[in-house]
Amino acid sequence: MSENVWILGIHMTPFGKRADLDVLDLAAEAALAALKDAGVTMKDMQVMGYGNLRGGTSGQSLQKQIGQTGIPSFNVSNACATGSTAMRAVIMAIKAGEADMGIAVGVEKLYGAGLLTGNSVGSGPETWTPTGRNGAIKNLDGFIGTSGMAGLFAQIGLAYNDSDPRADFELFARISEKSHSHSTLNPNAAYQNKMSLEQIMNDPMIAYPHTRSMCSANCDGAAASVIVSETKLRTLSLEQQRRAVKISASILASDPWTEASQEFADVSTVTRNAAVAAYEQAGIGPDDLDLVELHDCFAAAELVHYDNLGLCEPGGAIDFFNSGATWRDGRMPVNVSGGLQSKGHPIAATGIANIWEVATHLRGEAGPRQIQGAKAGMAHVIGLGSSCTVHILEKSGL
Amino acid sequence: MSIPIVNYLVLEPQPHLVAQECTACKAKFFGRHNACPKCFGVTFAEFEVPTTGVLKTFTIVHHDAKGVPVPYCAAVLDCGGMTVGGNIIGVDPDPEIITRGMHVQLKTYSLGTDAEGVEAIGFGFEPV
Ligand SMILES: [Zn+2]
């Protein structure tokens, strides 16, 4: 039986515009605060997981700013699941018995980066030259479908439940209305202003049915988590044990073969597989969850993941949302942080930030947005291409 | 002289798409593969994809990377059981006009001519 693993300390920086800081400043802010929260130092760390997609930094460059103790760094790249994959690497090292404490860090500076689209299409070539496995003579984005994320997830949402006609523009806008309402209680969110359904639907259209406020918000941010083995945790102070959060399940999966998956990104099968494995590992089911942070990179994604994560009856995500279940006062609060559309989505930080949100509620430290009495929660992230992490966390009983 | 936008668009005798089919498990996919992603087999045959299909889902892209003409309708189609990505062409990119379940037909169009006079041919799907 491998070791149980726990979160000993965790931190998320405020998300938004952090113009005065560079990538390493942000990573250091999150890492040092997570170490302080855990009541330990870099001297106690035996392994690091690090993710930064667009800044060109590594765990080693962070160590040069906060402590060069010689520990290994797993520098990972897994699209939007980068941060949670870094954490998964640390968890595996501890479960394998190679370390009893480690730190995972995810960081990104994305403020003002513009839309997450495919590659830009340059001016035409002098002569048409087939390149790549498809012998493409030009960048295909916009000519054979779209590579833009807003459009890809729009297609995924409109295909929900055999293209249920009720999965329409207004439904997706109402999901964003919830996100932008929840974020008003989150002082760390990049956008904390409430938005009406009308404002959301009248915002500039990016990729129908996604308007600008229904898309994840580019911003700067970092998150870090200190992970500890249960054996080591039991040697620490009672206060450290009381605030520690149990990692009841930690799953990382890739998209398996499905008929459509090479032409049309399949984020559903991989999420379903990861969720089933996570519930089995944790020994609890969706009815036991008090809150869920799921990967709402676009409004349409949230709808399909209600179903993929087993939060509702199969095929029942529309009725589930319409029942009010996923609002913060509903029976299954989803994205009480405001989610990626209003809290923000600094890509490599997101996977740990979602875990921070859930852990903070389980510790009873979420302030005005606290879900009262939260004992168990789930954090889900998708990296397009596609990877998925699902973590199930439980309140300490120590 | 003309050249297709991708090598799986075959222009003669009539324009159509050609997929790779695993000879062992019959899984189909576009483009060169090193082995079958479903059964790991390494022999493939060509599969002629039907030129008609049904629109499964779509989006209308209004903002895209620099150089991509917008708005356009990007769609996912079912062509005889095979999932195919492509744009809906020949109609306004308007969600009042383009609907899930609509029947479509493959059509080609000119993407322009290069310095050597070679015309590039793209493809899309038009409502029937
Ligand atoms: Zn095969």
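This is a predicted model: local features need pLDDT of at least 70, side-chain atom pairs count only at pLDDT 80 or more; totals for chains, interfaces and linings use all residues.

Trainee: How far apart in sequence are the parts that the pair of A:Arg272 and A:Asp307 ties together?

Mentor: The salt bridge of A:Arg272 with A:Asp307 has its closest N and O atoms 3.5 Å apart. A:Arg272 belongs to helix H10 (residues 267–282) of chain A and A:Asp307 to helix H11 (residues 299–308) of chain A, so the parts tied together by this pair have a sequence separation of 35 residues.

Trainee: What separates A:Glu170 and A:Arg174 within helix H6 of chain A?

Mentor: These two residues form a salt bridge whose closest N and O atoms are 3.6 Å apart, and A:Glu170 is partly exposed at 39% relative accessibility, as is A:Arg174 at 24%. Both lie in helix H6 (residues 169–182) of chain A, and because they are four residues apart there, the separation is about one helical turn.

Trainee: Which residues are linked in a network of salt bridges?

Mentor: A search of the whole structure finds 15 salt bridges over all chains. The residues linked in such a network are A:Asp37, A:Arg243, A:Arg363 and A:Glu365.

Trainee: How many salt bridges does the rule find across the interface of chain A and chain B?

Mentor: The contact takes 42 residues from chain A and 54 residues from chain B, and the area buried between the two chains is about 3,900 Å², with carbon and sulfur atoms giving 58% of that area. Polar contact is found across the interface for 23 residue pairs, both residues being at pLDDT 80 or more. For salt bridges across the interface of chain A and chain B, however, the number found by the rule is zero.

Trainee: How do the residues on the side of chain A that touches chain B divide into nonpolar, polar and charged?

Mentor: On that side, helix H4 (149–158) and strand S5 (205–208) of chain A are the elements that give two or more residues. The residues of the side divide into 21 nonpolar, 14 polar and seven charged.

Trainee: Which residue stands opposite A:Ala207?

Mentor: Strand S5 of chain A pairs with strand S6 (residues 52–61) of chain B in the antiparallel sense, over two bridges. Within S6 of chain B, the residue that stands opposite A:Ala207 is B:Val61.

Trainee: Which residues of chain B does A:Leu158 touch?

Mentor: A:Leu158 has its place in helix H4 of chain A, and A:Leu158 is buried, with a relative accessible area of 3%. Leaving aside residues up to four places away in sequence, A:Leu158 touches residues of chain A, among them A:Phe172 and A:Tyr208, and in chain B it touches B:Thr57, B:Phe58 and B:Arg100.

Trainee: What is the relative accessible area of A:Glu357?

Mentor: A:Glu357 is in helix H14 (residues 347–362) of chain A. Residues up to four places away in sequence not being counted, A:Glu357 touches A:Asn186, A:Glu293, A:Val336, A:Ser337 and A:Arg369. A:Glu357 is buried, and its relative accessible area is 1%.

Trainee: What share of the residues of chain B count as buried?

Mentor: Chain B has zero helices and 10 strands, and its C-alpha trace spans about 40 × 40 × 30 Å along the principal axes. Among contacts in chain B with a separation of 6 or more, residues 24 or more positions apart account for 46%. Of the 128 residues of chain B, the share that count as buried is 45%.

Conventions
Residues are numbered from 1 along each chain as its sequence is written. Chains are lettered from A and ligands numbered from 1 in the order in which they are written. Side-chain values use heavy atoms; hydrogens and water are left out. Contact means heavy atoms within 4.5 Å. Buried area is the accessible area (1.4 Å probe) that two parts lose on being put together, summed over both. A salt bridge is a side-chain nitrogen of Lys or Arg within 4 Å of a carboxyl oxygen of Asp or Glu. A polar contact is a pair of N or O atoms within 3.5 Å; within protein, one must be able to donate a hydrogen and the other to accept it, and residues adjacent in sequence count only if both atoms are side-chain atoms. Ala, Val, Leu, Ile, Met, Phe, Trp, Tyr, Cys and Pro count as nonpolar, Asp, Glu, Lys and Arg as charged, and the others, Gly among them, as polar. Two strands pair if DSSP finds at least two bridges between them. Buried means under 20% relative accessible area, exposed over 50%, partly exposed in between (1.4 Å probe, protein chains only).
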